[in-house]
Amino acid sequence: MNEKIPVKFLPSGKTVCVPFDSTILHAAEAAGLWIDAPCNGKQICGKCRVRIVAGNVHNNRSVHLISSEDILNGWCLACAAKVVEPVTIEIPQPSGGHVVSEIMVDGAEVQLQHDPRKQGHLGIAFDLGTTSVAATLFDLFSGVERESAATHNKQIKYGDDVISRIAWARDNPDGLVQLQSSAVNTLNQLMQSLCENCGEKISSIRHITVAGNTTMQQILLGIDPSPLGEYPFEPAFKEPQYVPAQTTGLLAGEDADLIVFPQIGGFVGGDTVAGLLAANFDNIEKPSLFVDIGTNGEIALLHKGRVLAASTAAGPAFEGARIYHGMRAREGAIDQIWCSEGDLHLHVIGDVEAAGLCGSALIDCVAMLLEEGLLETSGQLCSAETGASKLKGRIFEDEKGQPAFALTYETDGRSKIFLTQRDVRELQLASGTIRAGIETLLLKAELTAQDLDGIYLAGGFGNYIRREKALVVGMLPPVHYMLIHFIGNASLTGAKRVLLSRAEMARAENLLEHTEHVDLSAQPEFSNLFMEHMMFPE
Ligand code: FES
């Protein structure tokens, strides 16, 4: 039915014409009016109540959230009630009429409703990663970002990747409880320290959003992740989850709500949905690639309005784990390594003494060794005798008799921070699996690297990577390096946007609808591509 039906809103007096069967909530949005709807129209929260002043609506699903007496008095849920004839609707104050402004979140405009009831309320957005957890605290009324912090996920003692965490939950009677309380403790600690730093009380936190991979999100909600470890690797939910925060053990305000991101497939979770939102994949027309590098590598290819999304077990190498002197990208981490006129140069975050190297330096170092002829394309480090570069003097034999490359030295001349042969193998595995995933998706979409208009590189350490070096090690397909854009911690950016604006979750759900999950393990070409890309490019 193409008929448009007038809906008049009080007290503003605004009238808008909407298609038959539109919800009152959509009509209000079309009229530029705002109705408080914390569950985003899921008919869970019961907060979007409006009153029918004249006319009738179709309203058959909201009875459980509204008393029959209120229904008789004309009350209905704006997200459930549908327009079938001309109606006049009263939006109770103070729900309607808030000032709406565009605010910037990580460089993008987001619509924020300045609800006076949110004065003094705080909100927090989390990127719940397997290895690292990042958080940003906001003032919910003004949308002002107060402070950010990151820490290790306390679950790390149960294994450093999702497979080990799933196994822990499956094989130990208290496994799920232990994992869930470790995740909750990590989030609580971050909330506590951010609030303390800002001179605020943790009870002022009223709204929490979390984006994480499928395993992390399910564990946080106390949902057994074991089915994620077995065929058909189905997630327990795909739609966003809205729950009272305190039911999970999160220390926030009494009535604080927790929104957990929707999920695409077994290993393509809320962090990817949040990342696609941050990369604005719903507003890009030309073929584009999204790559989020963390403990898992999430890859999504946009082509003709559809998105193919996959996950690869990249391992935690880029986050510093399993690397002999690896660490996260924080003060003391070497984040850049380069060779100039035969000499080695390092940059350390914070310009302090080097304590280790982070993921970007790992890529830099391997790329430099390849360029200097000290590393074969097979990944074998040369011995000090065979190398040709001036840097070959830095190659030594470690205690296992394997070649290693010294980055810094102790005062007595012993190597202090160095790259081992095993570290190179870890990078080969991580980089090869990401590249094989990318090539599989390109093949599936019948595209080549030359068709790509942009590669959006996300990940906590993404901004530190030098694009040319990621190409040298073969982690990304051969494109002009100017086509590679860093978008930082896209999972956190997506979580921030949804924290501040309901419309952003609607965008995320729309992206989800246009996304197809690709199980790489079921793609016959994946293992051959992986073997091929384990080798560094010539
Ligand atoms: S019930 Fe939550 S928005 Fe309508």
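In strand E2, the bridge partner of Lys4 is Pro19. Strand E1 (residues 4–10) and E2 are paired in the antiparallel sense over five bridges, where two strands count as paired if DSSP finds at least two bridges between them. The model described here is predicted, and for this reason local features need a pLDDT of at least 70 and side-chain atom pairs count only at pLDDT 80 or more, while totals for chains, interfaces and linings use all residues. Residues are numbered from 1 along each chain as its sequence is written. Helices (H or I, at least four residues) and strands (E, at least two) are DSSP runs, numbered from the N terminus.

E1 and E2 belong to an open sheet of five strands, which has the order E2-E1-E7-E3-E5 and mixed pairing. Its edge strands are E2 (15–19) and E5 (75–77), each of which pairs on one side only. From one strand to the next, the twist averages 40°, where axes are lines fitted to C-alpha atoms, for helices over the stretch in contact, and angles run from 0 to 180 degrees between N-to-C directions.

A further open sheet has six strands in the order E12-E11-E10-E13-E15-E14, again with mixed pairing. Strand E12 (145–152) and strand E14 (241–244) form its edges, each pairing on one side only, and neighbouring strands of this sheet are turned by 15° against each other on average, direction ignored. In general, strands of a sheet pair through backbone hydrogen bonds, either parallel or antiparallel. E11 and E12 form a hairpin with five residues between them, and Gly143, which lies in the turn, has a positive phi of about 80°.

Helix H6 (residues 270–278) lies across E10, E13 (205–212) and E15 (257–260), and runs at about 100° to E13. Helix H10 (residues 490–500) lies across E10, E11, E13 and E15, running at about 155° to E10.

H6 also packs with helix H11 (residues 502–513) at an angle of about 110°, their axes being 9 Å apart. That angle makes H6 roughly perpendicular to H11, since angles of 65 to 115 degrees count as roughly perpendicular, those under 35 as roughly parallel, those over 145 as roughly antiparallel and the rest as oblique. In this packing, Val273, Leu276 and Leu277 in H6 meet Glu504, Arg507, Ala508, Leu511 and Leu512 in H11, where two residues are in contact if their C-beta atoms, placed from the backbone, lie within 7 Å. The residues of this contact divide into six nonpolar, no polar and two charged; Ala, Val, Leu, Ile, Met, Phe, Trp, Tyr, Cys and Pro count as nonpolar, Asp, Glu, Lys and Arg as charged, and the others, Gly among them, as polar.

The chain as a whole has twelve helices and 27 strands. Its radius of gyration (taken over C-alpha atoms) is 26 Å, close to the 24 Å that the globule rule gives for 538 residues, so the chain is as compact as a globular protein of that length; the rule is 2.2 Å times the number of residues to the power 0.38. Among contacts between residues at least 6 apart in sequence, 65% join residues at least 24 apart.
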